[in-house]
Amino acid sequence: MSGISAPLGCRLMRRMLPLLLLVALLCVACSTPGHRSAEGRVLFVGNSLIYVGNTPAVYAALSASTGRPVATDMIVRGGATLHQRLTDGSVARALQDQRYSVLVLQERGGDLMCSFGRPSCARSRQAVKDLALLARNHGTRVFLLGTYQANPQASRELVAMESEAAAVAGIPYIEVSETLQQLRALAPELNWFAADGMHPGTDLALLNGLLVHRAVHGALPAPMALTVQAPIYDSRSGLTETLRSADAPPPLSETPLRGHYSQATMARLIRSLDTAKH
């Protein structure tokens with residue numbers, strides 16, 4: 001009888017087992033590079049319209065509530081533009097250092113409707129396009145999250161120009177302004193704006209999170225009480241454009257460290273979103 005004897009074969013298998021396990025682990029890692037889940041890690045880039053109320057943390061809490069836990073980071077600064085984030089290389093470095101599954105861009109309010117002049121408008125459009133291309137080269141899905149205008153005519157103009165910029169960049173547009181117009185009429189009792197009358201109130205931050213959730217996951221979550229275990233920033237945040245986790249300790253000690261939405265508020269807003277025309 002030829003071949004390896006049974007005892008010798010067993011010894012060889014025992015010696016080879018660690019190597020075989022290592023090869024198997026390497027194969028799994030190569031086949032799913034950096035994907036801890038289908039959603040993984042999400043980067044938000046923008047200004048105070050993102051960080052007031054902490055839309056990234058609200059979105060993370062919503063996503064976790066539907067069984068899709070994500071980590072959310074942000075590169076934000078009050079009054080910042082996407083052109084600044086393109087030219088300083090901060091987004092490029094973040095995409096290089098981390099494996100983001102989704103990038104959410106939000107421009108300074110009014111830039112894409114040329115409120116600050118034609119040159120600023122052109123820079124804004126180009127920045128959206130260039131950042132979208134940069135992210136796609138890293139295998140990252142990109143969305144443009146809209147801003148908002150209170151005046152109905154300005155709102156329509158804003159949505160038209162933001163959606164055009166997203167179309168030129170080849171990315172989905174998450175419309176906010178016209179939806180907000182409708183929801184303010186359907187649910188006027190909700191806290192839409194901060195005390196300054198301009199920045200997002202807590203319920204507008206929730207609306208932003210819900211709209212991002214619907215865009216990324218294809219559906220709204222079920223209405224349930226939601227707790228956001230993260231700083232809830234106002235316009236005086238102390239934040240700079242340094243990359244940070246949405247739930248990282250805040251620069252200012254007086255910043256609240258959690259937010260909460262009742263089931264009634266969640267149901268009211270989700271029902272209003274279902275009622276609103278798209």
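Contact here means heavy atoms within 4.5 Å, and helices (H or I, at least four residues) and strands (E, at least two) are DSSP runs, numbered from the N terminus. You're looking at a predicted model, where local features need pLDDT of at least 70, side-chain atom pairs count only at pLDDT 80 or more, and totals for chains, interfaces and linings use all residues. Residues are numbered from 1 along each chain as its sequence is written, and side-chain values use heavy atoms, with hydrogens and water left out.

**View A. Helix α3 against helix α9.** Here α3 (residues 55-65) packs on α9 (residues 202-217) at about 55°, with the axes 8 Å apart; axes are lines fitted to C-alpha atoms over the stretch in contact, and angles run from 0 to 180 degrees between N-to-C directions. On the α3 side, look for Thr 55, Val 58, Tyr 59, Leu 62 and Ser 63. Their partners in α9 include Leu 206, Leu 210 and His 213.

**View B. Asp 111 in its loop.** Asp 111 sits between β3 (102-105) and α6 (118-136). Leaving out residues up to four places away in sequence, Asp 111 touches Thr 81, Phe 116, Ser 120, Cys 121 and Ser 124.

**View C. Thr 265 on helix α10.** Thr 265 belongs to α10 (residues 263-275). Residues up to four places away in sequence aside, Thr 265 touches Leu 190, Asp 203 and Leu 206. Thr 265 and Leu 206 are 59 residues apart along the chain, with 9.8 Å between their C-alpha atoms.
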